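Thank you all for coming. I would like to take a few minutes to walk through one structure, so please have the viewer open while I talk.

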Amino acid sequence: MGTKLGIGLLGLGTVGAGVAGILQAPEGRHPLVAELELVRVAVRDLQRPRPIELRPSLLTNNPQAVVDDPSVHVVVEVMGGIEPARTLIMRAIAAGKAVVTANKAVIARHGEEIASAAAAAGVYVLIEAAVGGGIPIIEPLKQSLGGNRIERVSGIINGTTNYILSRMAQEGVAYDDVLKTAQDLGYAEADPAADVEGFDAADKIAILTGLAFGGPVDRDSIPTQGINNLQSRDVDYATQLGYRVKLLAIAERLNSDAQTSQSLPLAVRVQPTMIPLDHPLAGVNGVNNAILVEGDPIGRVMFYGPGAGSGPTASAVVADILNIAGIRQLGEINGSLDPLLAASSWRSCHLVDPSAIRQRNYVRFNAEDTPGVIGRIGSCFGDRGISIQSIVQFDASETGAEIVVITHEISQGQMQDALTAITSMAEVKGVAAHLSCL
């Protein structure tokens, strides 16, 4: 290839150190890895101990100096956060440099702006590491599955919450206790809100939605519910009923007949979901991630593996760098962009009103243990055209009973109407839990 491809690294944390480690030890890897040279690295504190040994001359605490360095051909952004990451990405694009990023938050919120700027500048911005860690999902959606009409993308795309839910189901450990363990093990941050409240998963499903269906959606309009209010008894009841509870991110088209010139209606959400034990996602445990893609003609295909961590995420980052190195070796870096690798938007999409989303439901009511209460709850659902799959009473005592209902698929508008009517009944004390159900 002649001159090596100069890599500028923004950030030397967990992922950045993993990338640097791969670049400095090319032996046994694809020959193109040996053609990559780490030339500048931006760090926050020059005096801080490093997880990897680098020449001091490579380091700077000025990230703009990395972007502006003429020996840097590819800017790798793994610093995280919205700013200054977004500004640095845009600066690199303006300088005609390719960008590789693992930053899901920036892409979920500013992906359209970044993609437009990259297309105008004739450079690539590759994002494989932004979703699923080491799981190859971005490139398959852009390329391998490009001949399919994607109907649905659903997945477990946050390892922290999956670890928590797995231990709650398998060991009966309380949520707060598992969260503390997850923090001690480094799976959860000191402030775990991004994970347990579903924000991280919402960022990722926003990115996957744009790739799967051809157009961006408003990240901030995605209905998002985390596991922070989930009670252990609902995980236990799910097990007794033949389900597992997982935090699922789901994106699906509601009108498969829509023409490409029209705005495609999509139902996108993040919520705790009960999954039947025979479903492919039910057996995904620990910190692993899995993404199930359903399309025509492929049917179902699932991508599974480690969803975070230095090794898996660094693997995805270097894969993107190698894509750029391969193009450069072919002498195309200054030519037209490969439309599959660049993957720009090709149609308009919009999110439907949450009340129009159709799904099965699990609801747990606190009620008085009086004759006929189950029948009256059932009649209230039936009066609104809602079919019930099962209705079970748990833990009846003189203080009351818990009534668990699983419905067939209905709109959430219908569901909310029924819940309003049921909770107005004198013998019903309230809704203790409401989960979606596959």
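This is a predicted model: local features need pLDDT of at least 70, side-chain atom pairs count only at pLDDT 80 or more; totals for chains, interfaces and linings use all residues.

Residues are numbered from 1 along each chain as its sequence is written, and side-chain values use heavy atoms, with hydrogens and water left out.

Let me start with the sheet. Six strands make up an open sheet with parallel pairing, in the order β3-β2-β1-β4-β5-β6. At its edges stand β3 (59–60) and β6 (125–126), each of which has a single partner strand, so one side of each is left without a neighbour in the sheet. Helix α3, residues 85–94, packs on this sheet and touches β1 (5–10), β4, β5 and β6, its direction making about 155 degrees with that of β5. As for the terms, helices (H or I, at least four residues) and strands (E, at least two) are DSSP runs numbered from the N terminus, and two strands pair if DSSP finds at least two bridges between them. Contact means heavy atoms within 4.5 Å, and axes are lines fitted to C-alpha atoms, for helices over the stretch in contact, with angles running from 0 to 180 degrees between N-to-C directions.

Within the sheet, strand β4 (residues 74–77) is joined to the parallel strand β5 (residues 98–101) by four bridges, and Val75 stands opposite Val99 in β5.

For context, most peptide bonds are trans.

Now to the loop between α7 (175–184) and α8 (193–196), where Tyr187 is found. Tyr187 is partly exposed, with a relative accessible area of 36%, whereas Glu189, placed in that loop too, is exposed at 56%. Here buried means under 20% relative accessible area, exposed over 50%, and partly exposed in between, with a 1.4 Å probe and protein chains only.

Finally, the salt bridges, where a side-chain nitrogen of Lys or Arg lies within 4 Å of a carboxyl oxygen of Asp or Glu; by this rule the count comes to 22. Which residue does Lys204 pair with in a salt bridge? The partner is Asp200, with the closest N and O atoms 2.9 Å apart, and both residues lie in helix α9 (residues 199–213), four residues apart, about one turn of the helix. Lys204 and Asp200 are buried.

Arg219 and Asp203 meet through their side chains at 2.6 Å, N to O. Since Arg219 lies in the loop between α9 and α10 (232–240) and Asp203 in helix α9, the pair ties together parts that are 16 residues apart in sequence. Both Arg219 and Asp203 are buried.

Arg358 forms a salt bridge with Glu409, the closest N and O atoms being 3.5 Å apart. Arg358 is partly exposed at 41%, and Glu409 is partly exposed at 48%. To close, salt bridges that share partners join Arg152, Glu252, Arg269, Glu294 and Arg300 into one network.
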